[in-house]
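Please look through the sequence and the model below before reading on. The paragraphs that follow lead you through the structure part by part.

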Amino acid sequence: MGAIDEALQLAAIPAQDEALRASVRAFLREALHDMPADRRARSWMGYDAEFSRALARQGWLGLTLPAAYGGGERSNYARFVLSEELLAAGAPVSAHWIADRQTAPLILRYGSQAQRDFYLPRIIRGEAFFAIGMSEPDTGSDLASVRTRATPQGGGWLLNGRKIWTTNAHRSHYMCALVRTSGAPEDRHRGLSQMIFDLTLPGIEIRPIRDITGDTHFCEVLFDNVRLPADALVGEEGSGWAQVTAELALERSGPERIYSSMVLIDGWLAHLRANGAPEPAQVRLAGRLAANLAVLRAMSLAVTRRLNEGADAGLAAVLVKDLGTGFEQAVPEWIGQALRAGPAPDEVLARTLAYLTFINPTFSLRGGTRHILRGIIARELGLR
């Protein structure tokens with residue numbers, strides 16, 4: 001976790017939240033001591049349900065949720081500290097990540113009391129893992145064009161359509177999906193709603209998609225006349241666009257949009273220390289990495305502050321996501337060039353670099369493609 005320490009003093013976190021860091025690090029040293037770096041490089045895409053439940057036993061899932069549901073009722077800064085340490089260590093957090101980061105806050109804000117009572121304690125205990133149904137094969141990042149439709153029938157809903165690039169759908173208990181419940185696709189933002197449903201319901205087919213590294217965390221999910229109960233609807237019918245926009249601000253704002261290559265950075269720094277005095281070019285690169293990280297971390301903390309104050313963080317989160325993924329995509333290229341010009345890396349560092357070189361193109365796809373994000377920025381700034 002050495003690379004992160006240089007940036008710790010450049011953005012303030014309240015002392016009571018910063019105090020959480022030591023216990024998280026101690027836990028991670030024990031939990032991850034025999035996990036090689038090339039496995040930890042999966043970062044927040046690494047899946048281990050038992051590890052997520054171990055975090056739950058520490059009280060670290062639902063850290064910001066109300067105590068009435070079993071949550072920690074801590075600030076967003078506390079969750080930032082926890083997330084930062086998990087990601088810097090390369091902890092396998094994918095099982096619970098979506099539910100903890102965005103689905104639980106969504107349910108807390110928009111869900112019925114019955115939905116809060118049912119889902120939130122299960123998320124906090126690590127018993128309910130969620131997939132997010134947003135992207136579709138013919139719409140990509142243009143969420144307003146989704147065609148998956150839920151139509152009223154028999155006091156409930158009949159769901160038809162499909163979703164793609166749905167992370168961990170084959171391992172999750174539930175899905176929260178953006179679907180069209182009224183109007184036509186050309187109505188764009190109107191007529192969209194969010195639904196939560198059990199992924200074992202009849203009519204749901206989940207097809208894992210193997211990526212270039214051999215992992216299967218993405219899925220295509222097909223819905224064929226799936227019968228949903230009336231209470232699958234989250235919030236009001238037709239309010240899905242406003243809800244999903246708020247949800248995406250949570251998805252785009254966290255340190256996972258900065259730290260996907262952190263295990264590689266730490267491995268490279270250890271490689272430098274093991275091979276004597278670094279060359280001037282290596283020192284310059286280390287400074288470049290630290291400077292980028294410090295600025296992006298400060299920006300991400302500024303988003304955390306807005307979330308903590310209950311302010312709109314949408315535009316700020318988009319900026320951090322766009323700049324952050326650009327940085328974490330560049331890291332494997334920069335370090336790869338440095339390694340080719342110096343002593344050969346050991347096998348683990350070489351595998352870590354290879355994995356991130358293969359997978360880093362996805363960093364600018366998840367959470368919204370770069371051209372979509374820049375379109376949002378332009379619109380928010382009045383440039384289009």
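**Around Arg42**

A polar atom in the side chain of Arg42 lies 2.8 Å from the backbone oxygen of Asp38, and this counts as a polar contact, a term for a pair of N or O atoms within 3.5 Å, where within protein one must be able to donate a hydrogen and the other to accept it, and where residues adjacent in sequence count only if both atoms are side-chain atoms. This is a predicted model, in which local features need pLDDT of at least 70 and side-chain atom pairs count only at pLDDT 80 or more, while totals for chains, interfaces and linings use all residues. Residues are numbered from 1 along each chain as its sequence is written, and side-chain values use heavy atoms, with hydrogens and water left out.

Arg42 sits in the loop between α4 and α5 (49-57); helices here are DSSP runs of H or I with at least four residues, strands are runs of E with at least two, and both are numbered from the N terminus. Is Arg42 buried or exposed? Arg42 is buried, because its relative accessible area is 11%, and buried means under 20%, exposed over 50% and partly exposed in between, using a 1.4 Å probe and protein chains only. If its neighbours within four places in sequence are left aside, Arg42 is in contact with Thr213, Asp215 and Tyr355, contact meaning heavy atoms within 4.5 Å.

The side chain of Asp38 forms a salt bridge with that of Arg351 at 2.9 Å, N to O. Four residue pairs, both at pLDDT 80 or more, are in polar contact between domain 1 and domain 3.

The salt-bridge rule gives a count of 17. One of them joins Asp17 to Arg74, with the closest N and O atoms 3.4 Å apart, and this pair links distant parts of the chain, since Asp17 is in helix α2 (residues 15-18) and Arg74 is in the loop between α5 and α6, 57 residues apart. Asp17 counts as buried because its relative accessibility is 3%, whereas Arg74 counts as partly exposed at 31%.

Glu84 and Arg21 form another salt bridge through their side chains (3.0 Å, N to O), linking helix α6 with helix α3 (residues 20-31) across 63 residues of chain. Glu84 is buried, at 0% relative accessibility, and Arg21 is buried with a relative accessible area of 5%. The side chain of Arg21 also meets that of Glu85 in a salt bridge (2.5 Å, N to O). Arg21, Glu84 and Glu85 are among the members of a network of salt bridges, which also includes Glu18, Arg25 and Arg297.

**Strand β5 and Asp198**

Six of the seven residues in strand β5 (residues 192-198) are buried. Strand β5 runs antiparallel to strand β4 (residues 174-180), and seven bridges join them; two strands pair if DSSP finds at least two bridges between them. Asp198 lies in β5 and is partly exposed, with a relative accessible area of 29%. The side chain of Asp198 makes a polar contact with the side chain of Thr200 (2.7 Å).

Technical notes
A salt bridge is a side-chain nitrogen of Lys or Arg within 4 Å of a carboxyl oxygen of Asp or Glu.
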